[in-house]
Every structure is written in structure tokens, then in C-alpha cells.
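Hi everyone, thanks for coming. Let's look at one model together, starting with its inside and ending with its surface.

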Amino acid sequence: MTTIGVIGTGDFSAYLLAALRRGAHTGRIILSPHNRIKAEDLSAHYGCIVAVDQLSLMEEADWILLAVRPEQLASALPTLALRPGQTLISAVAGIAAAELRVATGGSIQVVRIMPSSYIEAIGDGLIPMFPACPEVEAVLAAAGKVLVLNHEDQLDLAMIGACLAGWTYRFIAELENWFVERGLEPNQARALVAGNIAGAAAYATVLQDVSLSMRFLTLSQHRELSRRPA
């Protein structure tokens, strides 16, 4: 089974590792020791190995998952001594595959991904990916629903889509507070708001040939009729 080496042990790595292990991925995962405290914490939670050093990680891994912030990339790139045949899976926002390929020697396969944080908790969370790579897709499928995009600029659009999660959390929180202020218990408010949003999202996902604008108008008309006196 493919060995994955992880460079970057922040939030992104944490929720991707959680999603992979929850999805029964049992492959060997090696963590960079750059931040040993975080690496050992992830290792304890998700059955990973903390590398002795960066060189041993690069030598043992088949794939390298690069999960650092864009501002950390300059310091991370010099440590990426990739060999021909290795695959670099980049979760670095806004950095093109061609740029990474040139910076790491030009002869490696680069796959970019940009999943949202909710894949940690749910089994069918979206994982946008470019370009298509069946081997990587098969592994990531344990963590969520892989959405293979046709062009790299679509991945940058997918990053904007990932921001919807943050906006949705804020929207849910405000609606929760509205219902709590009017007498619902917090758990009731969460179930009511999140349940209806999840239901509508599932409906839109399953019935993709349905016009959501028309669906909205139809429901609005039904509510308006229900308010009219008999």
C-alpha cells in the first residue's frame, strides 16, 4: 500500500488524516517532525509515524502531501528533494502545479486538492482535485467525495466554494440564536436549522435537474397560500 509523507501538521493535515482513518484507510502515513509536538499528537490520534528527520520522510514516502500555508512555502520547498516517480499532493492555496513542478525538479507528478474542513466529521464531504489521478482519487475516496476538475483554474474557484462552509456556519449560528431567543432549547435550534439546511443541500445534490429557483418560488407560493384566511 502507498506510503504517504505529510509535510505540515496544522489544521488541514488534522482533518484530512481524521477523514482518511474514519474512512478505513489503513496505509502507512509518515509525519514531518518539523513541529514535533503537533506531529506526535496527530500520530497518537491517527496511527501515524513521526519521521526521524525530513530526509527519511522523503526517502520512505511514495506520495508527499504538502499541507503548509502559502507564506510557509518558501521555507518548505528547499526540503522537497523529490525523486522521479514520486507524487506531490499539494494543498497549498493559490500555487499552480507548474510552479511546484519547476521548484521541485520538473519531473514529478503534481496533484492539487482543496477539501473543506467538514470532511473530518462527515463521510461524503467534497474533496476538489486537479488533475485526474486514479491512484490518488482511490485513496482520497476514503476521506470523502472526490470532485475531479477539468482545468486548474477551476480549483481556484473551488477554493471560493470551500469558503461557503465558513459562511454557512455563521448563518446557522445566527439562526440558532434567533430560535433560542424565542424559546427553543439550543439543541432543538441546532437540529431545526442545520437539519433543514442539510436537507435542502441533499435535495439539491440528488436532484440536479431541478431548478432551485423554481423550487424556491413553488415553496414560497405554498407558504403564502397557507397564510391566507379560508
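Helices here are DSSP runs of H or I with at least four residues, and strands are runs of E with at least two, numbered from the N terminus. This is a predicted model, so to speak of local features we need pLDDT of at least 70, side-chain atom pairs count only at pLDDT 80 or more, and totals for chains, interfaces and linings use all residues. Residues are numbered from 1 along each chain as its sequence is written, and side-chain values use heavy atoms, with hydrogens and water left out.

Now, which elements each supply at least two residues of the lining of the largest cavity? They are β1 (4-7), α1 (11-22), β4 (63-66) and α6 (134-140), and α1 gives the most, with three residues. A cavity is a set of points, on a 1 Å grid over the protein atoms alone, where a 1.4 Å probe fits but cannot get out; lining residues have an atom within 4 Å of a point. Among the lining residues are Ile-4, Leu-16, Trp-63 and Val-139.

On to the sheet. Two strands pair if DSSP finds at least two bridges between them. The sheet is open, with eight strands in the order β3-β2-β1-β4-β5-β6-β7-β8 and mixed pairing. β3 (49-50) and β8 (145-148) are the edge strands, each with a single partner, so one side of each has no neighbour in the sheet. Strands β6 (residues 109-113) and β7 (residues 126-130) run antiparallel, joined by two bridges; Arg-112 has Phe-130 in β7 as its bridge partner.

Finally, the surface: Ile-160 lies in helix α7 (residues 152-181).

Definitions and conventions:
On a 1 Å grid over the protein atoms alone, a cavity is a set of points where a 1.4 Å probe fits but cannot get out, and a pocket is an open set with protein on both sides within 12 Å along at least five of seven lines; lining residues have an atom within 4 Å of a point.
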